[in-house]
Amino acid sequence: MKTRNLLLLTGSLLVAPAVSFAQDTAVKDSVPETKEVKNRNVMLNASSDNQPRQISIGLPSSLSTTIYEDGLPVSYSIWPCLPYCYWAGSAMHSRVGLTSIGENAITNGSVNYSVDSYTREGGDKFEGHANYTTNIYNLQRIDLALAGPIKNGWSYSVGAYVNMDPGTNRLADTYLSNNMQMYKAGLTKTWNEGRGKASVFYKYVYYKGLGDSYGPFIYKGDGSVEEYNGFNLGHDGFLPGNGYITYRDVMTGELKTYDRSDGAHNMSNDVNFKLDYKFDNGMKLDVYSKYRYANAYMSMLSLSGIGEADENSGYTYAYDYGDHKAGDVFIGSFNSRYLLRDIGYERNWMTTAELSGKSNDGNHNWRLGYNFKWERQGITASTGVYAHTVEANPVWLKHNGSQGYTFNTGGEYYDTHEVKTALYASDDWQVTDRWWLSAGARLEYYTVGGQNAMAYLNATDTEATYPENIRNVDYSVNNGKITTFDKKWVNPAASLNTRFVISKGFGLVGEYVYAMQHPESQDFAGAYMPILDAVNIHFGRAGIFWNTPWMQLVSQFSIISQSNYKSRTQFTNPNDASDVVTIPITYDIQTMGWTTDVVLNPFKGFSFHGLFTYQNPLYKNFDINASFSDGSSKSYTFSNNVSTGVSKYIVELDPSYTFDKFRIWASFRYQSKQYINKTNTLYFNGRWETFAGIDYTLNKHVGFTVNFVNLFNEKGASGSIGAADLLEDVSAYKNYLMAGTYIRPFTAEFAVHLNF
């Protein structure tokens, strides 16, 4: 399912920083190459300690950053197995970078930036790397990698990553907000004087993510917020201590109960194969292949609004709490949660092969590539609405005697298979001493099919073919009908990237990227057939670059558009926070922007990176009709409204100074106001996200770091609030009690790095 109300962490629309866990030193040339973007600190995530940051290019954010490992995606797609649940940048990686937009379009058919990582391989010498990290909230992270020779060209590598993070807000139903264990083992064979190398890696991951970055606050009506009733955002927990949740299984219709602390976890077993071979004629062959077996058990309790209960509302205490007994009538503010009890899996085999080389005159760097991806995946998603009190460590409430209600009005089910086969080619051509040109094309044949439970077999149908599959209250697949589907499409993609030098260090740059996409398995999960029209993504930018011995600058204008963006979104009745419906929506989006990106090195040891972005992402062709259980119904149009959770102005300031054995760095990111809801009637004021650190290298074997997040302890209330999506008259929303997301509070982190 593509629609979850997550915090959008914006980066640059035009010039993306590359991956580092702090801030890399300045590179020689700030003009992006076609394959990988260099420099900057985009991995820094103000919301999460263990996830890569989302980089906005002016399109709606996905659930997770695309992450590659050893030439292939960590997960086949972002759903149901979110990539960040199965990956962490660690000592087990020899390199972590950021793949450019054009490169992603050619090699993967998507228009976005992605993290690109490679597992450390064994060699002819022993090496060890160990990191220990803790913070003021008692994070315990151990990261170890060992590699060395065996004999006759054989070598090994092993590693372990264990992350035990209580989080900053102490949740009453669990101690660890994030508990991840990742283990790797690999064998490498090198032959023919190092020209051939083959490796096989095994990776096991177990991940339990129980974090909850929500909290209540008073929305003042002018974009600012203030503390509610002593609730300390970022420190107080906003989930009840009783983690038992009763839901109606979407498959069987049976009532089931699980403990959140045990019922939310992910695991995977991956076997990767990697081959590199250099031929006598200078050509190079790279082959990456992987088999993956992964499961996901999720308990997602997203916010659906805060309401007021009186003695006739039907809310009672679910169990004894303070001076209240189970069954006592509850009067006051309650917070509604929309449960997604998702149980999913993926089984896949993915292979990529690339042959590359250079022309005899050295002016062409070409490659030919082939992708094959086979996937089995499925999901059963049980839904419901739940309520708890509005306070730190709240208590569950019952509504008309039931812990959950309106069960499975957003229920989902599919069991599918996908096959993607693609050929791609690219050529980097130094046309003249002044003109460089890179071009690439991809042609993908994509099939998807399987079984689901659809009521409407065409997106435009107003009458259900199978009424028993309409997602009424207490819907279950057993009481409905299994349906099947089978679709086939061709998805082309292309990129063109050019640079022209007018005079030494100064010139013009331009890029155009196109990709076509079609619905994937998760688009067939609900009661409605998705719109099957192609999703067309166009991305173009043009500008100047100017390089001197002390400055590297790029300034560009851009435009990006996407048609037929599909999602299934939860909308809350403006008159009743407990009334939530899931509506399939399709819309277009278009963004125009301007970015200037500069790196300054005015004197030895000092580097400064500055970024300014203006962007204006607008919804297009976005109309819905929302009908709720109380009988109310209304049509809404969001066309030409600004996309929620995206700032129009972004500023990034990154100074660093290196002297003796020390390196001091900081990063300050400003994001202007963000709209809370799709009607653009409510917004959060702009905010700063701040980071800093000190690195000390004792010698080549031992190093220490101290890092800080949120230096000024800003509350950073942000993100979209689904309960407010349909609000038009906001006159009543001054000094209004709401709940939302926030950035991490002030955090000091300490790490020791050993290399031996």
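How many Å² does the accessible surface of the protein chain come to, and what percentage of that surface belongs to carbon and sulfur atoms? The accessible surface comes to about 28,900 Å², and 56% of it belongs to carbon and sulfur atoms. Accessible areas come from the Shrake-Rupley method with a 1.4 Å probe, and for residues only the protein chains shown count as cover.

## Basis of the model

This is a predicted model, in which local features need pLDDT of at least 70 and side-chain atom pairs count only at pLDDT 80 or more, while totals for chains, interfaces and linings use all residues. Residues are numbered from 1 along each chain as its sequence is written, and side-chain values use heavy atoms, with hydrogens and water left out.

## Overall fold

The secondary structure of the protein chain consists of two helices and 38 strands. Helices (H or I, at least four residues) and strands (E, at least two) are DSSP runs, numbered from the N terminus. The radius of gyration is 26 Å, close to the 27 Å that the globule rule gives for 756 residues, so the chain is as compact as a globular protein of that length. That radius is taken over C-alpha atoms, and the globule rule is 2.2 Å times the number of residues to the power 0.38. Along its principal axes the C-alpha trace spans about 80 × 55 × 55 Å.

Of the 756 residues, 59% count as buried. Buried means under 20% relative accessible area, exposed means over 50%, and partly exposed lies in between (1.4 Å probe, protein chains only). Among contacts between residues at least 6 apart in sequence, 70% join residues at least 24 apart; a contact means heavy atoms within 4.5 Å.

## Nonpolar cores

The largest nonpolar core has 26 residues, and those with the most contacts inside it are Trp79, Leu82, Cys85, Tyr86, Tyr161, Met180 and Met182. Strand 8 (178–191), strand 9 and strand 15 each supply at least two residues of this core, and strand 15 gives the most, with three residues. Apart from this core lies another, of 21 residues, among them Tyr214, Phe217, Phe231 and Phe238. A nonpolar core is a set of buried Ala, Val, Leu, Ile, Met, Phe, Trp, Tyr and Cys residues joined through side-chain atoms within 4.5 Å. In soluble globular proteins, nonpolar side chains tend to be buried together.

## Nonpolar surface patch

A nonpolar patch on the surface is formed by Ile150, Trp154, Leu187, Val200, Tyr202, Val271, Phe273, Tyr291, Tyr293, Trp349 and Trp374, which together have about 1,000 Å² of accessible area. Patches are made of residues with over 30% relative accessible area and no salt bridge: like charges are joined within 9 Å, nonpolar side chains (Val, Leu, Ile, Met, Phe, Trp, Tyr) within 5 Å.

Strand 9 (196–209), strand 14 (265–278) and strand 15 (284–309) each supply at least two residues of the patch. Trp154 has its place in strand 7 (residues 154–165) and is partly exposed, with a relative accessible area of 40%.

## Salt bridges

The structure holds 27 salt bridges, each being a side-chain nitrogen of Lys or Arg within 4 Å of a carboxyl oxygen of Asp or Glu. In one of them Asp212 pairs with Arg337, the closest N and O atoms being 2.9 Å apart. This pair links distant parts of the chain, 125 residues apart: Asp212 is in the loop between strand 9 and strand 10 (214–219), and Arg337 is in strand 17 (residues 332–358). Both Asp212 and Arg337 are buried.

Asp474 and Arg248 also meet through their side chains in a salt bridge (3.1 Å, N to O). Asp474 lies in the loop between strand 21 (435–452) and strand 22 (483–503) and Arg248 in strand 12 (residues 244–248), so this pair ties together parts that are 226 residues apart in sequence. Asp474 is partly exposed, with a relative accessible area of 35%, whereas Arg248 counts as buried at 19% relative accessibility.

Helix 1 (residues 101–108) is mostly covered, with eight of its eight residues buried. Just after helix 1, Gly109 takes a positive phi of about 75 degrees.

Tyr345 is found in strand 17. The C-alpha atoms of Tyr345 and Ala296 are separated by 5.9 Å, although these residues are 49 apart along the chain. Leaving aside neighbours within four places in sequence, Tyr345 is in contact with several residues, including Pro80, Cys81, Arg376 and Asp415.
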